[in-house]
Amino acid sequence: MFNARQLAIIDLLQTQDKVTVTELTDKLGVSLVTIRQDLKKLEERGVLKRTHGGAVPVVTGYDISTRMWNHYEDKLRIAQAAASLVSDGETVIVETGSTCSLLARELAAKRGVTIITNSVFLTNFVRDCPSLEVVLLGGSFQHDAETNVGPLTKLCLSQFSVDKCFIGTDAISPDKGVSTINLFRAEVVRYMAETASKMIVLTTSDKVGGCATAAVFPLSCVHTVITDRGLTQPQEQLLRASGVRVMKA
């Protein structure tokens with residue numbers, strides 16, 4: 001999705017309040033024109049906001065377009081590993097979240113894949129991927145998370161039966177299971193678990209071992225956790241001891 005130079009700009013904006021075009025040309029060894037083209041593309045994807053002579057990060061918050069660029073390279077590798085589990089022609093459920101949205105774009109490279117999702121953000125994120133069939137579930141719209149939740153979402157999900165469901169999480173641990181900061185999101189994921197045979201969790205390793213506000217379900221409901229190589233051996237052993245398959249991307 002992004003070249004190495006653009007990824008370097010993303011990394012800089014994780015630790016700096018502002019970058020200048022001059023600074024970037026010096027660091028990356030390319031022309032002013034190239035840097036301006038990079039900044040234009042990154043702004044179009046919601047990574048940053050261009051200013052006179054440079055760029056600043058987008059305003060931080062819950063929104064997915066902001067959170068996607070935190071640990072971006074790890075999330076992309078996780079998404080690519082998750083995509084390897086999906087066959088051409090398969091129908092899968094993909095929940096809301098930054099890594100899940102990256103997974104959706106990876107699935108666009110396959111043939112005949114159908115995604116069932118409650119994420120309006122994800123639907124917009126893959127709007128330029130005509131090879132994907134996307135079914136957007138109805139429900140009550142949550143503006144900050146750009147997702148649909150509630151009884152109507154449950155009713156829509158009851159019409160489907162799939163093998164795999166991919167979800168994100170705000171925290172996961174052997175003791176507390178999968179948890180999230182959003183009660184309504186937790187409810188929808190439980191509905192998804194009733195529809196899918198395998199629940200597959202996509203998460204960066206910094207979320208392993210923690211606990212968020214709303215419990216989703218115990219690890220006994222999880223088939224696979226796909227995470228990055230920052231996962232420690234003791235953390236991996238605890239997950240595997242709970243019967244969870246672990247993939248490190």
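## Packing of H2 on H3

Helix H2 (residues 21-28) packs against helix H3 (residues 32-44) at about 110 degrees, with the axes 9 Å apart. Axes are lines fitted to C-alpha atoms, for helices over the stretch in contact, and angles run from 0 to 180 degrees between N-to-C directions. H2 is therefore roughly perpendicular to H3 (the class for angles of 65 to 115 degrees). The crossing of H2 over H3 is right-handed (the near helix is turned clockwise from the far one by less than a right angle).

From H2, Val21, Leu24, Thr25 and Leu28 meet Leu32, Ile35 and Leu39 of H3; contact means heavy atoms within 4.5 Å. By class, this contact has six nonpolar residues, one polar and no charged.

## Basis of the model

The model is predicted: local features need pLDDT of at least 70, side-chain atom pairs count only at pLDDT 80 or more, and totals for chains, interfaces and linings use all residues. Residues are numbered from 1 along each chain as its sequence is written, and side-chain values use heavy atoms, leaving out hydrogens and water.

Helices (H or I, at least four residues) and strands (E, at least two) are DSSP runs, numbered from the N terminus.

## The three-stranded sheet

An open antiparallel sheet has three strands in the order E10-E11-E13. Strands pair if DSSP finds at least two bridges between them. E10 (171-173) and E13 (214-217) are the edges; each has a single partner strand, so one side of each lacks a neighbour in the sheet. The twist averages 30 degrees from one strand to the next.

Three bridges join E11 (residues 177-180) to E13. Thr180 has Ala214 of E13 as its bridge partner. Helix H9 (residues 183-195) lies across E11 and E13, at about 5 degrees to E13.

Terms used
Parallel < 35°, antiparallel > 145°, perpendicular 65-115°, else oblique. Nonpolar A, V, L, I, M, F, W, Y, C, P; charged D, E, K, R; others polar.
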